[in-house]
Amino acid sequence: MLENRRFVIIGFFALVGLIYLLRLFYLQVLDESYSIESSSNSIKRVIEIPFRGQIYDRTGKLIVYNTPVYDLLVTPSKARVEDTLRFCQVLGIERHDFDSLMAAASAYSRHKPSLFLRQLSKEDFASIQDVMVDYRGFEFAKSSLRTYTAPTLANTLGYVSEITKGQLEKQEEPYYRQSDYIGQSGVEKIYENELRGKRGTKFVMQNVAGVYKGPWKGGELDTMAVAGENLYSGIDLEVQQYGDSLMVNKVGSIVAIEPKTGKIISMVSAPTYDPNILASRYFSKNFSALVRNPYKPLFNRPVMASYRPGSTFKLIQALIGLQEGVITPGSGFTHANCPMHCHNHPATGTVALGVMHSCNPYFYNVFRRLIYKNNIKNTFRASAVGLDNWHDAISKFGIGQRLGIDLPSEYKGNLPDKKYYDRFYGEYRWKFSNIYSLSIGEGELLITPLKMANVAAIIANRGYFYTPHVIHGIGDKKSVNPDYLIKHETGVDAHNFDPVIEGMIGAVEGGTARRSKVEGIMIAGKTGTSQNKRGDDSSIFIAFAPVDDPKIAIAVFVEYAGAGGSAAAPIANLMIEKYLTGKITNKALEERMFKADFMSKVVLSGQKKPAPVDTTKKKPVTPAKPTAANKPVAVRP
């Protein structure tokens, strides 16, 4: 028994000794890391930052690419600058800049290299690299600068900037280091992991003065940097720039979608800025100027601005009414006992005519029938049940929720339900007469331009939509996010769209948008006016074309421009013609829109710009008091 224990103990110690011998062999012969660390004075680890992926439009045109630049790094403990004045002259900086840059580098670490000057051009690098050899503690690192082929899509593409301290601390994997760049907004932020690529590492030999002496071990331990994956968008760059030109001196949005796929064709946020100004060494200065700009150019209006949809919402009311059976294509209503005013148009004895002439009393009655489509005799309870049923049907059109576009900060808007009004009035203490303004897209409804462009796509598809998205292909394989291949059904049968589309065609051919129709293209559209207590109303128009084979669905919002047919409809129809034909036939209309200036209505003479309520509020509008809701409402189509 004792003999067996002796063999076990001897075996145990022999195994431990063998493990130590194997570990020692690995560290001294196989593993190079300790050798590198022990030779830190002669062998240097150089991290290579990869190029970010490029971004293309739907036709293969380059939108975003990279320009090689150089960063100047400093290690404070090694830095030797005897003639500071000459050093500053070489770099083209002031003495106070030198002092602040050195202080910032020392605060980060005296023994680790950190950024001193960023984004020196190839020409700058060539002119100073020989001189910088005389200054110990300074070294160059290759980098790249985001560059844009056109001054457009600033809010959609987003920007990259130096990673913040908070972002460094919160990163889930230890990838980023101090002074690294990271996508901060737009596509650059959403697709950061795909765009950033994979870092490379090189080991180089240097002498005591830090002069490069070649790769260590012939570069056998080096790893190559791998560029980020390219992104392929649905954006039509030419149409996008045309939209920018139409929105000069205007505040608002254009969103155009390909109905059959959900690809974004154009996304204009006005006013905008040149994305190149945030891709330079003067980022902080330029960013601060944009933040102070009273027109809020950093505010991505297509997905963040909120408006009441106005008369464009009548299309959804008609579709839900037809699906629920409270109206038929041939239903008509009188204006008797209706608190809403009419617009002196012909009789509206059908759904198509109601849409064409944007009749307020017509849709008041449709909404009333929807709310009271139950057998509950108590009007308060009937209204509550009816509103929740209405809410569920409307939400299937993407209203009151985030659609899931591949952009950050999408605002979900507001679609009121029973609980919403209960918080204000109390449970079962409100009824239809308190909420009827919802019937014509006013009241507490809030939507974004993106949502109304999606509604146009739903009608074009006769009942379904794909999640709108900017990027439809990633990498060489152009892989697609599977979420963007899911068909979202609204629950409205296809045949119920026919009378609504008939009315939309009538609105363009002879109704509220007739002054901007395009010869040779059948367009179905609907004007709207979003009320604004701070000034002139916002002009809205949604449309799709061609009617028989829709290729583009669009929504245009122009703040302070008045009725939908005054500005939004002309801009939308010009965009449609540009996309479908590549040319413009109505040059007079185009010239008028180029020259149209609504900014003067935003900024009052001698005063600061009043903040537009609908574009800056992120919270739902507080419901009006019960007494105010009973007053007649006159809304322009």
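Buried, in this talk, means under 20% relative accessible area, with exposed over 50% and partly exposed in between, using a 1.4 Å probe and protein chains only. Leu157 is buried by that rule because its relative accessible area is 4%.

Before going on, a word on the source. This is a predicted model, where local features need pLDDT of at least 70 and side-chain atom pairs count only at pLDDT 80 or more, while totals for chains, interfaces and linings use all residues. Residues are numbered from 1 along each chain as its sequence is written, and side-chain values use heavy atoms, with hydrogens and water left out.

Now the overall picture. The protein has 24 helices and 18 strands; helices (H or I, at least four residues) and strands (E, at least two) are DSSP runs, numbered from the N terminus. Of the 637 residues in the protein, 54% are buried. Contact means heavy atoms within 4.5 Å. Among contacts between residues at least 6 apart in sequence, 72% join residues at least 24 apart.

Back to Leu157. It is in helix 6, residues 154-157. Setting aside residues up to four places away in sequence, Leu157 touches Ile55, Ile63, Val64, Tyr148, Thr152, Ser185, Gly186, Val187 and Glu188.

Next, Arg146, which belongs to strand 5, residues 138-148. Is Arg146 buried or exposed? Arg146 counts as buried, because its relative accessibility is 5%. What does its side chain reach? A polar atom of the Arg146 side chain lies 2.8 Å from the backbone oxygen of Gly53. The side chains of Arg146 and Glu188 are joined by a polar contact of 2.9 Å. A polar contact is a pair of N or O atoms within 3.5 Å; within protein, one must be able to donate a hydrogen and the other to accept it, and residues adjacent in sequence count only if both atoms are side-chain atoms. Not counting residues up to four places away in sequence, the residues touched by Arg146 include Arg52, Gly53, Ile55, Val64 and Glu188.

Asn230 sits in the loop between strand 9 (212-215) and strand 10 (231-233). Asn230 counts as buried because its relative accessibility is 19%. The Asn230 side chain reaches the backbone nitrogen of Gln54 at 2.8 Å. Apart from neighbours within four places in sequence, Asn230 is in contact with Gly53, Gln54, Tyr56, Gly473, Ile474 and Gly475.

One more loop residue. Gly463 lies between helix 19 (449-461) and strand 13 (464-466), and it counts as buried at 2% relative accessibility. Leaving out neighbours within four places in sequence, Gly463 contacts Ile458, His488, Glu489, Thr490, Val492 and Phe497.

That brings us to helix pairs. Two packed helices are described by the angle between their axes and the distance between the axes. Axes are lines fitted to C-alpha atoms, for helices over the stretch in contact, and angles run from 0 to 180 degrees between N-to-C directions. Angles under 35 degrees count as roughly parallel, over 145 as roughly antiparallel, 65 to 115 as roughly perpendicular and the rest as oblique.

Take helix 13 (residues 314-324) and helix 20 (residues 497-509), whose axes come within 9 Å and cross at roughly 155 degrees. Helix 13 is therefore roughly antiparallel to helix 20. Their crossing is right-handed; a crossing is left-handed if the near helix is turned anticlockwise from the far one by less than a right angle, and right-handed if clockwise. Here Leu315, Ala318, Leu319 and Leu322 of helix 13 meet Phe497, Pro499, Val500 and Met504 of helix 20. By class, this contact has eight nonpolar, no polar and no charged residues. For those classes, Ala, Val, Leu, Ile, Met, Phe, Trp, Tyr, Cys and Pro count as nonpolar, Asp, Glu, Lys and Arg as charged, and the others, Gly among them, as polar.

Last, helix 15 (residues 360-371) and helix 16 (residues 379-395). Their axes come within 8 Å and cross at roughly 105 degrees, so helix 15 and helix 16 are roughly perpendicular to each other. Phe367, Leu370 and Ile371 in helix 15 meet Ala382, Ser383, Gly386, Leu387 and Trp390 in helix 16. The contact of helix 15 with helix 16 divides into six nonpolar, two polar and no charged residues.
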